[in-house]
Amino acid sequence: MKSAVADEAARMGRFTRKSSRRSDPLRLLLARPSRRYKAIGGIVILLGAGLGLLGKGSGGTSIILRTGQAWLANAVNGTVSLIDGYSGATITQVRAANRPGQLSVVNGPDGAVVVDANGHVTKVSNASFRAGLPKVLFSNTTAEVGQHAIYAVDEQTGLVQQLDASSPALTPVGPQIRLGGSVSSAVVDDSGRLWAALPARGTIARVHDGAHRDVGIGAHPGDRLAVTLAATHVVAVDSTTRTVHPIDYGHITTISQPIPETALVVGSDTVPAVSLVSGTSVIGVPVDGTPTVTPLPTGITPLSPVMTGVTVDLLDQDSGRLLVVNTELRTIRQVGTLRAGRANQLVLKDGLVFVNDTGGASAMVLEPSGRLVPVQKFTARSTRKALRTAPGKTPPRNPVQIQTGTPTGSQTQQPTGGAGGGGGSGSSSPRQPSKPGSSQPPAAPGAPPLGDVTPADQKVIVNWQAASPNGSPVIDYSVQWSQNGAPVGQATIAAHKRASYTKAITNLNNGTPYTVSVSARNGVGMGTAATRENVIPTNVVPSTPTLVDASAPSAGQVLVSWTAPNNGYNIGKYEIIATTSSGSSVTIDADETGAGQLRRTITTSDGITIGAPETYTVTAVGLSGAKSPPSDPAGPVTAYGAPSAPTVGPPQSSSDGSSATVNAQCDTTCEQGEAIDRFQWSVTRASDGTTVAQGSATPDSSGSAVLTLAPLSRYSQYAVTVTAHNGAGTGTQQSTSFATGGVPQPVNAYDNYALNPRTGHAMCRGNPNNSLSDPGGTATQTFTVPSGVATLNTVTTQVDTAPVSTTATLRIGGVNEQDTEPATGDVTFHFAPIDVSAGEQGSVTFSFSATAGKIITLYTIPGSLGTFTASNSCPDGAPNYSSSTDQLRATISGYDHQ
């Protein structure tokens, strides 16, 4: 990893935070989007802007507060316990559900939010320990709780509703917003914005002020996406492409190792880094750094990992081992072995790791020294007191307070009675109770972590984080400013339950250096001051940014980087101007500030156009509003996207109808900024929509290709759909209909010619030269036209003895066609084609003209193809004959297509 990450981690200490950032693990979504830390009833409470959800164990979830205190879930009795990690005491127990069952618990700025097994959401006040009225949100809901906003999210439908954070009843604020896809994970940043990963759509959604927009990271629909917080930064992870995407900060990082399907994503609370935790390894990914891989012992099933600095703590749910992994040094340390199957949740807060048994009464605290301290969350008596007050009702006047952990198992109660003792297992002895002389006394607050101290025109803007209370709540903060050691002014800022503070010092002299200090006060006294020297207010116009560069690293994005000017200390923001070749432009605000190289990722939501070359200039804007001259332009750079619909010509059928060809073209407009690498096509049958053929083709340098569509059937109706594909994905489809041709094939409508046995049937017999033997007779065979026959034009039959004149008449649907042939043996009669359709009734009639003494013989075959009738006109001939079981030996033929 970068040494800067290590330096910052070392400077801040192993467990020290700038602020209480969220470090909740979120499972990367695979083929079926689902969430690892999903609460019972489909509801999870996630934290942002100083708060973090650790996720669901076998019994529920706990929350993290800013004072080393954590609310822990008690699924066995439907309550939550507030645990003080510094003193080892159980402060109170509050009923949060109407019946026992799994719970999800998270804290907000002024209390906890609890979700029970039935999906009821209840708010618990930190001040009064009162549970508000339960509220049902959506059927599959997560609640995202931030410093300034609370959101309810339906994970399945992507429906979002902002809630009033100050309302005990969590009153809805504004309209519901539909994100258009299922949500795999979500966080809330310091500005109260909701960020949600939408795997089905392959994008990240940002919700703020009643509206939302998609933030593209180059993902494709179906990619496995997750989003988390790393220090102050929102970070998205695409495990399909193995990439880590900081939102509006840093570069995209590619991970060379495959990411296991079971990997969990966890963000650091103090440095811009994330880790991907699986059963085989921990992959550490610092923003703008090089990923590291720390192999885990064989057989690890990680549960509820947390990350502080560059260190990941995780619990093996099978063996109960508690491991500490340093992702920078790639080392692993086992700090204890807990009872497997009982401890099912880790919660990080203020240098302490709470190990919770959500289904029991015990928990443990892992101190920074590595010492495990047992904690008893509740007793039977405290539970009875808590259960007397249903959610929404006023609690007992004196909430139950239990302090636990004496070596002998005794305990101290304040102010009412109760029993308790050590719980869980570990290598250390229980902590002593908090009573005079037995614990560390409160001390003055620590120095507030000082953030940016920004000079502006005749003023200085001071930012700092909440100071450590050291056992006594912070009352207020004192901000002082001086010049050359002489005090100039002072302001007092009341302490609130928030992680960060801002104070603007005005009426200063431009160009004059000042020293600014901030200190915190509690009941013990004033603590150590944090100081920043040589702060100079100014109204100087910023210099022009330099080394401006622009590139298109991912689909739908342009990354603009620049170097801040030397007098950039008074810059409030930058303006990036994207200009097309036609001269039209769009201005994008960039909030990135500081020294050195800065970056801003620009997407279509900022107004740039996919497929259009644009140049980029950067202007610095001072805090006073003064603007620098624009930089030299960078580019042109083309933001690329998936292709638009290609041009598809009319398909041409092959002569036999077994295939067709079609010309496809994707020009520069269709390419959308990046040349295509292939066309994809599919053919569906028009009658039922069934796909009968599909394939792909590589275009030539002009973006054209001839597509061969096969296999197809003759004389059929089809539709072909063609799409173009480039590095951004598959584009919009283009469809067109067509029909295949072919060569008609001969078919039979009636055929028993090859069958045996054959029976001769005399038509006319008599004596030679006897005039009674003249003239002959007729024979008729009826039939039904089967399917697959389009025309009929030939009849073949057997007529025996000496040549006679035979006339055949073919009748179909009122159409008669005749042919006369000399009949001797097998005779074929030819007709003009008659169009037929399946089910039509037809007949063929033979008329004989014999000379004296001739014997005319036809042949029949047993069957049921129609009716055979023979009529003799010579008086001494054979008798007339009719049968539906004897059929004329004949073939009636035609073609399958007109």
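In strand β25, T294 is the bridge partner of V282. Strands here, like helices, are DSSP runs numbered from the N terminus, at least two residues of E for a strand and at least four of H or I for a helix. This is a predicted model, where local features need pLDDT of at least 70 and side-chain atom pairs count only at pLDDT 80 or more, while totals for chains, interfaces and linings use all residues. Residues are numbered from 1 along each chain as its sequence is written, and side-chain values use heavy atoms, with hydrogens and water left out.

Back to T294, which sits in β25, residues 292–295. Its partner strand is β24, residues 281–286, and the two pair in the antiparallel sense over four bridges; pairing requires that DSSP finds at least two bridges between the strands. Five residues lie between the strands of this hairpin, and D288 takes a positive phi near 65 degrees.

T294 has 1% relative accessibility, so it counts as buried. The classes are buried under 20% relative accessible area, exposed over 50%, and partly exposed in between, with a 1.4 Å probe and protein chains only. On β25, the covered face carries T292 and T294, and the uncovered face V293 and P295.

Next, a sheet. Three strands form an open sheet in the order β36-β37-β40, with antiparallel pairing. Each of the edge strands, β36 (450–456) and β40 (500–505), pairs on one side only. From one strand to the next the twist averages 10 degrees, the axes being lines fitted to C-alpha atoms (for helices, over the stretch in contact) and the angles running from 0 to 180 degrees between N-to-C directions. Strand β37, residues 459–465, runs antiparallel to β40 and is joined to it by six bridges. One of the bridge pairs is I461 with A504 in β40.

That brings in the rings. Over the whole structure, a search finds eight aromatic pairs. Rings of Phe, Tyr and Trp (its six-membered ring) pair if their centres lie within 6.5 Å; planes under 30 degrees apart are stacked, over 60 edge-to-face, and the rest tilted. W464 and Y501 are stacked, at 5.6 Å centre to centre and 10 degrees between the planes. W464 is in β37 and Y501 in β40, so this pair links distant parts of the chain, 37 residues apart. Both W464 and Y501 are buried.

What about F829 and F846: how are their rings arranged? Their planes are at 55 degrees, with the centres 5.6 Å apart, so the pair is tilted. F829 belongs to β63 (residues 815–835) and F846 to β64 (residues 841–849), so the pair ties together parts 17 residues apart in sequence. F829 is buried at 0% relative accessibility, and F846 is buried with a relative accessible area of 0%. Elsewhere, ring pairs link W464, Y477 and Y501 into a cluster.

Last, the second largest pocket, with a volume of about 490 Å³. Of its 22 lining residues, R201, G202, G216, A219 and A555 are the closest to the centre. A pocket, on a 1 Å grid over the protein atoms alone, is an open set of points where a 1.4 Å probe fits, with protein on both sides within 12 Å along at least five of seven lines; lining residues have an atom within 4 Å of a point. Grid points are joined across faces, edges and corners, and the volume is the space filled by probe spheres set on them. β17 (211–215) and β57 (729–730) each supply at least two residues of this lining.
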